Amino acid sequence: MTSEGSTSATVVVINPSGLHARPCHALVSLALKHGADLSISYGGRTVNGKSILELMTLNAAQGAELTLQADGEGGAALLAEMAELFADGFGELQH
């Protein structure tokens with residue numbers, strides 16, 4: 001098995017409630033489906049993207065810019081799917 005190395009992306013929280021429990025759960029559920037490790041950085045802190053408790057401690061409100069980093073096989077695919085969740089506002093935006 002080969003490793004893809006490290007991939008990173010920047011995303012913005014656009015849903016009005018920020019990263020509360022439901023979006024954190026969606027992120028962790030997605031991350032756990034992939035073999036790559038995931039870290040998420042915001043406000044000078046970096047947490048394990050596969051831990052809902054650690055994600056919630058970021059207190060990322062609407063407008064927050066987060067850096068996602070995936071290490072290992074499937075990392076690019078993981079970040080692409082994560083970016084879609086953020087772009088969709090975790091399904092919380094009024095259309």
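Modeller: Let's start at Q69, which is found in strand β4. Bear in mind that this is a predicted model, where local features need pLDDT of at least 70 and side-chain atom pairs count only at pLDDT 80 or more, while totals for chains, interfaces and linings use all residues. Residues are numbered from 1 along each chain as its sequence is written, and side-chain values use heavy atoms, with hydrogens and water left out.

Biologist: Why is Q69 called partly exposed?

Modeller: Buried means under 20% relative accessible area, exposed means over 50%, and partly exposed is in between (1.4 Å probe, protein chains only). Q69 has a relative accessible area of 31%, so partly exposed is the label.

Biologist: And what is Q69 in contact with, leaving aside its neighbours within four places in sequence?

Modeller: Contact means heavy atoms within 4.5 Å. By that rule Q69 touches S6, T7, S8, D37, L38 and S39. Take T7: 62 residues separate T7 from Q69 in sequence, yet their C-alpha atoms are 5.7 Å apart.

Biologist: What makes β1 and β4 a pair?

Modeller: Two strands pair if DSSP finds at least two bridges between them. Strands themselves are DSSP runs of E, at least two residues long, and helices are runs of H or I of at least four, numbered from the N terminus. β1 (residues 6-12) and β4 are joined by seven bridges, in the antiparallel sense. One spot to look at is A9, which stands opposite L68 in β4.

Biologist: How do you know that β2 pairs with β4?

Modeller: Same test: β2 (residues 37-42) has five bridges to β4, and the two run antiparallel. Look for L38 opposite A70, and for S39 opposite Q69.

Biologist: Which faces of β4 are covered and uncovered?

Modeller: In β4 (residues 65-71), L66, L68 and A70 make up the covered face, while E65, T67, Q69 and D71 are on the uncovered one.

Biologist: What makes β2 and β3 a hairpin?

Modeller: Four antiparallel bridges link β2 to β3 (residues 45-48), with two residues between the strands. I40 has V47 as its bridge partner in β3, and Y42 stands opposite R45. In the turn, G43 has a positive phi of about 60°.

Biologist: Which residues other than glycine have a positive phi?

Modeller: Among them are N59, at about 50°, and F90, near 60°. N59 lies in the loop between α2 (52-56) and β4, whereas F90 is in the segment after α3 (75-87).

Biologist: Buried or exposed: how do you label N59 and F90?

Modeller: N59 has 62% relative accessibility, so N59 counts as exposed. F90 has 6%, so F90 counts as buried.

Biologist: Now the whole chain. How many helices and strands are there, and how do they run?

Modeller: There are three helices and four strands, and from the N terminus on they go β-α-β-β-α-β-α.

Biologist: How do you know that the radius of gyration agrees with a compact globule?

Modeller: The radius is taken over C-alpha atoms, and the globule rule is 2.2 Å times the number of residues to the power 0.38. With 95 residues, a compact globule would come out near 12 Å; the protein has 12 Å, so the two agree. Along the principal axes, the C-alpha atoms fill a box of roughly 40 × 30 × 20 Å.

Biologist: What share of the residues is buried, and what share of the contacts joins residues at least 24 apart?

Modeller: Of the 95 residues, 38% count as buried. As for contacts between residues at least 6 apart in sequence, 73% join residues at least 24 apart.

Biologist: Last one: how many side chains count as positive and how many as negative?

Modeller: Lys and Arg count as positive, Asp and Glu as negative, and His and the chain ends are not counted. That gives 4 positive and 10 negative side chains.

Note on methods. The place of a charge is taken as NZ of Lys, CZ of Arg, CG of Asp or CD of Glu.
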